[in-house]
Structure formats: structure tokens, C-alpha cells
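Keep the 3D view open as you read.

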Amino acid sequence: MSSAHPETIRWGIIGCGDVTEIKSGPAFQKTPHSALVAVMRRNGEKARDYAQRHGVPKWYDDGQALVDDPDVDAVYVATPPSSHKHYALMAIAAGKPVYVEKPMAMDAAECEAIVAAGRAANVPVFVAYYRRMLPRFHKIRELLFDQHAIGTPRSVHCVHTAPHNPRYSEPQSVHWHVRPEISGGGLFVDIGCHTLNILDWLFGPITSVSGHASNQRGSYPAEDSVAMAFAFSNGMVGTGLWNFDALQRHDLTEVVGDAGRLSFATFGDGPIRLENAAGVREFNIENPRAIQQPLIETIVAELTGHPGSCPDVTESGVRTSWVMDQVLRDYRRKTGQRIGL
């Protein structure tokens, strides 16, 4: 990493698409001791437009050129998952810390390859499982483990349903989110990974999992319905259901303890609901607009000489991909999807 600005991490973004407009891109500019100095997109006109709109000094249409820029200290890979490994290894080879969008890669094997390369080169690797740093999830953790508000957690149950989005069935251009050769799967992979990673953060690794996936609507190649059962190393058990051809949107994770229950949504900032012998209480905590900023702040702190600032997002990112691999293994084999299992 460049020593020209030892107190400032100068970031370059590879893949300045929708996720970087509000969720992440501005966070690199708002975070203390951080600056966004370059962006890259294969479509140079779109890269230039992004740079102009966000006040970024440089833009590229080639990833290697951005990585090789001496003014770039660290790289954020925000492309679809099919190229995460390629660009992460490119940054690592240049000795530059890399922050990779979620899911970390196409499958756990690719995730492990990224981690191994970073470890071998002594280059830090981070993954954008940013929800664990949001104030509302810290409140959930406080209620569960500091206040023991539901006693000892015994099980967790997750349900996520949503109506079919017409953009995922346009025959001329199927969106990459539901093209397994680009995304690694469907919307379960794209958004279900957030819930699974939060569970890993709260309760530890999922060590046993089985599941079923199917394509009920038939609008695109990827799965649109997933059911799973799982267990944690601490003995807790859980279930999960994701369906993306439902009447209504529903996002609920419910933790059942021996003295109460706690429920919350993975997405949005709806109320956290606590039920125990004292009655029912709700906690409303808003998310920041640049929702990745709390995690990015810890990464910048880590890279500017404050070890231990950033939570474990990397190894847990590998574990999250491993869980999804187990759930989707049979479906991927049945449909002949390109995933290295």
C-alpha cells in the first residue's frame, strides 16, 4: 500500500453499478481517513458518468489499469460474483487490500482461493457483509446476549417471500441476478446470504445443513424457491424459507428462546420485536443512508493501523457460501449449472 498518505486510504472501485450509487460508493467519501479516487466499469462512458456525478478524479474501463494506478491504495470489487475471484486475485497480486461485494464469490471453493491468496501474500481481504455493523443488529445482539432478554436461544426461523419482479422474466435480457453462470444462483444467493451471514455472526457457524430448491414459476434459469433446515455448532437448530413468486413481501427472522422470542427483518429498518414475561416491546432503529459506511469505517481503521477494528467478515463469508452450496447442490446438478462443487 502506498505510503504517500499514510493516514488516508485511497480507494478504487471496480464495477461502479447500482450498489455503489448509494449503499457503498458515497461511504468511501464520507468515512474519515478515506477517499474515493478512481472507478472502473467496462463501459467507459458509464464509468466517466459515475466519476463526474460523484466527484471522483479518475475513471477507467480496464480493471488492471485501476489496480496498477499508484494513487489507488485499496480496491473495492463491486462486479457480479462471476468476476469477484478474478479481480480480487488481481488486487492481491498487486499487494493492495481488497473489499469484495457479497456473496464473496461463485461458491465456497472460489472464496477459499481468495482467502488463501490474501493470506499467502499478507494482503488483507474483506467482504461486504455489512449488516453486522448496523446499529439495529447491534441492538439485536445486545438483547440476545447482554440482556438475555429471551433467555437461552433455542431455535431460529427465517422466512423471506416477495412477488415476482417482471424484470427477471424479460426474454431479451435476463437480469444477471437470476443467471447462475454470473450470480452463482438466484435471489436466494443474492439476498439470502445476508440473513445467513447475520445468523453466523449471532450464533456461530452453521455446521449441518440440508435443503431443497426448485424453480416453480419457470421465468428464469435459477431457483426461485428454497427450503432448508440447519444446525449450529452450539446445538441451536433452525429453518429457512425463501420464495420469490409470492403474493406479498414478507421478511422475518424469529429467534425462540426458553424465556421469550425476538423477531426482526434482515432488510429495511422495521421494528425489532421482543416478547417475554414482561410483555411486548418494539425498538425502532433507522439504517444510515450509505448503509455500508459503518463496516467501511472499521475496514479503514484496520488499514490505517488499528488492528482488530473490523469484525470477521471474511471467514464468515466463506462459511456463508458453503451453506448455500449445500442447499443448492442437488438443484445445480439437476439443472447442469456451472458451479464448482
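Predicted model: local features only at pLDDT ≥ 70, side-chain atom pairs only at ≥ 80, totals over all residues.

Residues are numbered from 1 along each chain as its sequence is written, and side-chain values use heavy atoms, without hydrogens and water.

**The sheet**
- The open sheet has 8 strands, ordered β8-β9-β10-β7-β11-β12-β13-β14, with mixed pairing.
- Strands are DSSP runs (E, at least two residues), as are helices (H or I, at least four), numbered from the N terminus; two strands pair if DSSP finds at least two bridges between them.
- β8 (206–214) and β14 (279–283) are at the edges with a single partner strand each, so one side of each has no neighbour in the sheet.
- From one strand to the next, the twist averages 10°.
- β13 (residues 272–276) and β14 run antiparallel, joined by 5 bridges.
- R273 has E282 in β14 as its bridge partner.

**Helices on the sheet**
- Helix α8 (residues 187–203) packs on the sheet and touches strands including β7 (153–161) and β9 (225–232); contact means heavy atoms within 4.5 Å.
- Helix α10 (residues 314–335) also packs there, touching β8 and β9.

**The α6 and α8 pair**
- The axes of α6 (residues 135–146) and α8 come within 11 Å and cross at roughly 40°; axes are lines fitted to C-alpha atoms, for helices over the stretch in contact, and angles run from 0 to 180 degrees between N-to-C directions.
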